[in-house]
Amino acid sequence: MFVIQINEPYVQVGETVHGTVEWRSSGTTPRAIIIAAAWRTEGRGDISTGKAGELRVPYDPSSPLSGVPIPFAFDIPAEGPVSYDGKLLRIIWEIAAQADLPMMLDEKDALAFRVAVRMR
Amino acid sequence: MIDPYAALGLRRNPFTAEPQAGVAAALWLERGAPPAPQPWRRSFTQVLGEKGAGKTSLLLRWREQTGGPYHYVPATPARWRPPPIAGLAYWDEVDRMPWPVRATALALAARRGASLAVGTHRDLAALARRCGFAVATVQFAPLDVAAVAAWAALRIQAARLPGEPCALALPAHEAAAVAARAGHSWRVAADRLHMWAAEQARLAARGCSA
């Protein structure tokens, strides 16, 4: 399972979202832990997605990945998009975490945060 | 609030569009459709209805039970591609097929004794009979209040946050309004329900009663 912490869940476009992702193994050894700041649409139309950044931490026998908080910092593009909750469409920003597991389905989790317009 | 739907005890809006065609088994609502056609019966079962009525969903549900190739006819030059013929084949949006392709494919399928289940916006019974098929037509009744309410309840249940009480329930008057507006189209119903659920989430996030 993942424990995702975001330092400030409300950021403005052009700012940086910081936090940590900790993966707690239930016995498997991942090839890597992948962390991304990503957005997706959800609603009554086709799904669109995008990423502001991705961090891949490969498995290192000398440094176990389980139980160790991995810090991240992703710059949110100045052009957005901004988070949006509409009647037919949402734009959702998330910190998405994925454990690349050999010979089985990858473990995934995500935690939403809000991206707002820049306030002068 | 980061996620207004969490205020209702939901992971998301229950009425989002699915990226893939078809309906998951847990969300299927029985509305009296006949059982799946049988292979090698020289039968032509047409699922006739307007956009959003559930033609593709029914074809894919039958196909889960019977197997067989599924052929979707796009609104592009690829619609000229000949469809597969098998013991039981599923052809969707068959009215898009150019008539020479459709007539030839039907004649070939009938000659082989194959069965077809097709989704179509136009009645193709006359052509199918001329080719020698035994024809059955499935048409959907307009959505009624009970169907909309049951359909909505399934989707709300599927969107619940584990271990959290759910504060979203579709009132009868809303179900009636959706049914009246939607006619035969589940797609229109889902659009209306999505907007309704979004408004309930907005109100709940602001701490207002619905």
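Biologist: What's the secondary structure of chain A, in helices and strands?

Modeller: Chain A has 0 helices and 9 strands. Reading from the N terminus, the order is β-β-β-β-β-β-β-β-β. Keep in mind that this is a predicted model.

Biologist: What box do the C-alpha atoms fill?

Modeller: Roughly 45 × 30 × 15 Å along the principal axes, for chain A.

Biologist: And how many of its residues count as buried?

Modeller: For chain A it's 38% of the 120 residues. The chain exposes about 6700 Å², and 54% of that comes from carbon and sulfur atoms.

Biologist: How far apart in sequence are the residues in contact?

Modeller: Taking contacts in chain A between residues at least 6 apart, 63% join residues at least 24 apart.

Biologist: What about the charges in chain A?

Modeller: There are 12 positive and 15 negative ones, and their mean positions sit 6 Å apart.

Biologist: Switching to chain B, where does B:D95 lie?

Modeller: In the loop between β3 (88–92) and α2 (99–111) of chain B.

Biologist: Is that residue, B:D95, buried or exposed?

Modeller: B:D95 is buried, yet it has no salt bridge. The nearest side chain of opposite charge is B:R122, 5.3 Å away, and a salt bridge needs the side-chain nitrogen within 4 Å of a carboxyl oxygen.

Biologist: So what does the side chain of B:D95 make a polar contact with?

Modeller: With the side chain of B:T120, at 3.3 Å.

Biologist: Which residues is B:D95 in contact with, leaving aside neighbours within four places in sequence?

Modeller: B:R102, B:G119, B:T120, B:H121 and B:R122.

Terms used: Residues numbered from 1 in each chain as written. Chains lettered and ligands numbered in written order. Predicted model: local features only at pLDDT ≥ 70, side-chain atom pairs only at ≥ 80, totals over all residues. Heavy atoms only, no water. Helix = DSSP H or I, 4+ residues; strand = E, 2+ residues; numbered from the N terminus. Buried < 20%, exposed > 50% of the residue type's maximum accessible area, 1.4 Å probe, protein only. Contact = heavy atoms within 4.5 Å. Areas by Shrake-Rupley, 256 points an atom, 1.4 Å probe, with all protein chains shown as cover. Lys, Arg positive; Asp, Glu negative; His and termini not counted. Charge placed at Lys NZ, Arg CZ, Asp CG, Glu CD. Polar contact = N/O pair within 3.5 Å; in protein donor to acceptor, adjacent residues only side chain to side chain.
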